[in-house]
Structures are given as C-alpha cells and as structure tokens.
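Reader: Before we go into detail, please show me the model, and then take me through how its features are to be read.

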Amino acid sequence: MKKVSPIKDWNVQDKPREKFLANGPESLTDAELLAIMLGSGIKNKNVVEVAEEILESANYNLDLLGRKTIEDLCEIDGVGPVRAMNLLASLEFGLRRDSKTNDVTIIRSASDVAELMYSKIANSNVEEFWVICLNRRNEVIHCKRIHTGGISSVLVDPKMIFKYVLSHEASSFIACHNHPSGNLKPSSQDIMLTKDLLAGAKILQLNFLDHVILSFKKGMYLSLNDEGVVNFSL
C-alpha cells in the first residue's frame with residue numbers, strides 16, 4: 001500500500017501555503033494552487049495528491065476542468081459536492097476577473113468579440129446563442145444570451161433577436177454562439193440563420209456585422225464574415 005506523506009511532514013519551502021507566503025502565488029504549480037483551494041486531503045491522500053487527481057481528470061487543461069460538472073468532480077476520491085462547488089466557483093471567479101480586466105467596449109474586429117464573450121460561455125457544455133448590441137461608434141450597449149440549446153445545436157428564433165436589438169435602439173448587432181466540442185466549422189443551420197438575420201436586418205435598416213463562433217479554448221474562434229462563409233456586404 002502506498003505510504004502517504006502528510007503535508008505537515010514536508011520541508012517548509014515545499015508546503016503550498018508557506019511557499020505562497022514566501023514567494024507569491026506565481027511560484028506555485030497548478031496542483032499547489034488547487035491544494036490551497038481544497039484545504040486538506042483525506043485519509044489515504046494528502047491534499048496535493050487530491051489536487052493532482054483532479055487536474056489529471058481534465059488532462060491538466062484548466063479550460064476542460066472549468067467545464068466539468070459537480071457530478072463529474074464528485075467521482076474523484078476526496079471530492080464531495082461542497083468541494084466541487086467551491087472549485088467551480090473559484091474557476092468562474094477567475095474568468096470574471098479576466099473579463100473585467102480585459103473589458104472590450106468598442107468592437108473593431110472578430111477578435112474583440114471573442115475576447116468580450118469568452119468568459120461568458122467558455123465553461124458552458126451546451127450551445128448558447130448571444131447577441132451584442134452596438135451604437136453608431138461600435139461601442140457595446142448591451143449583450144444578452146437569447147437562447148440555450150443542447151450539446152450540438154441551439155434553435156434560435158430571429159424574431160426574438162430583432163426584438164432585443166430594437167428594444168436597445170442599437171444601430172448594429174453581432175451574433176455569437178459557442179461550439180462546446182471545439183469544432184468551429186459552421187453547421188448548415190448556422191449559415192441559414194445568418195442569412196435569415198441578414199435579410200431581416202436589411203428590412204429593419206439595421207447593420208448585422210458578423211456571426212462569430214467560439215471554441216471553449218481561449219482565442220479560438222471563427223468569423224463567418226471574415227471567412228466569407230456568408231456575404232455580409234449584400
């Protein structure tokens with residue numbers, strides 16, 4: 001049977017909390033930071049070992065870890081509902097901090113859309129369809145989740161989109177949704193919806209600027225306008 005080394009028996013410089021206090025959080029590994037969030041280990045595993053198993057369950061990918069559910073995490077020995085909830089709350093808080101730090105108020109490109117929206121839908125395991133309302137200076141007036149769907153699709157009613165855009169007296173708008181699988185290829189439904197929105201926007205004298213598809217991986221996105229999937233200039 002593997003012998004567990006309690007944290008209290010470690011050298012002071014190797015203990016996560018002492019290391020944090022002495023050298024700052026940037027000196028800790030992901031497992032050590034996670035260990036501090038967890039607080040303590042269990043009978044046959046110290047807290048760093050529990051943290052390592054949690055990271056291993058997500059292939060050491062923090063984006064994938066953030067998309068796990070409480071039920072997923074509770075399958076790991078040493079993790080109960082409260083610990084799982086605390087962990088997911090910490091990851092969500094980090095996303096929100098990143099969002100506030102890099103807040104995008106003026107949209108100049110699809111990359112600005114991706115930066116604005118990443119923290120809102122990165123951890124979602126289902127498709128979410130959002131709309132961003134802009135004024136004449138391309139400043140963000142408001143953004144809202146219009147529909148939530150399943151793992152691979154979301155049904156969107158164009159009327160709901162136009163009602164929302166008009167209610168905020170927007171000059172233009174951008175559609176955005178995520179592909180939880182990470183595959184950014186637009187579906188036939190994505191293309192059809194985009195064409196329907198372009199047709200409706202023309203009638204209502206609104207500028208429909210782009211439809212951006214996001215991956216759960218930061219910085220990974222596809223612009224239907226930039227890629228020429230749909231002609232937005234008509």
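**Reading the fold**

Author: Of the 234 residues in the chain, 42% are buried, where buried means under 20% relative accessible area, exposed over 50% and partly exposed in between, with a 1.4 Å probe and protein chains only. This is a predicted model, in which local features need pLDDT of at least 70 and side-chain atom pairs count only at pLDDT 80 or more, whereas totals for chains, interfaces and linings use all residues. Residues are numbered from 1 along each chain as its sequence is written, and side-chain values use heavy atoms, with hydrogens and water left out.

Reader: How many helices and strands are in the chain?

Author: Helices (H or I, at least four residues) and strands (E, at least two) are DSSP runs, numbered from the N terminus. The chain has nine helices and five strands, and along the sequence they follow the pattern α-α-α-α-α-α-α-β-β-α-β-α-β-β. With contact meaning heavy atoms within 4.5 Å, residues 24 or more positions apart account for 57% of the contacts with a separation of 6 or more.

Reader: At what angle do helix α2 and helix α3 pack?

Author: Two packed helices are described by the angle between their axes and the distance between the axes. Axes are lines fitted to C-alpha atoms, for helices over the stretch in contact, and angles run from 0 to 180 degrees between N-to-C directions. Here α2 (residues 30-38) and α3 (residues 47-57) pack at about 115°, with their axes 8 Å apart. α2 is therefore roughly perpendicular to α3, since angles under 35 degrees count as roughly parallel, over 145 as roughly antiparallel, 65 to 115 as roughly perpendicular and the rest as oblique.

Reader: Which residues of α2 and α3 meet?

Author: Asp 30, Ala 31, Leu 34, Ala 35 and Leu 38 in α2 meet Val 47, Val 48, Val 50, Ala 51, Glu 52, Ile 54 and Leu 55 in α3.

Reader: What span should helix α7 have, and which of its residues are buried?

Author: The expected span of a helix is 1.5 Å times one less than its number of residues. For the twelve residues of α7 (residues 110-121) that gives 16 Å, and the end C-alpha atoms are 16 Å apart, which agrees. Nine of the twelve residues of α7 are buried, among them Asp 112, Met 117 and Tyr 118.

Reader: Against what do the buried residues of α9 pack?

Author: Helix α9 (residues 188-203) has 16 residues and reaches 23 Å between its first and last C-alpha, close to the 22 Å expected. Its buried residues include Asp 190, Leu 193 and Gly 200, and the buried residues of α9 pack against β1 (128-134), α8 (158-167), β3 (172-178) and β4 (207-214). After α9 comes Gln 205, whose phi is positive, near 60°.
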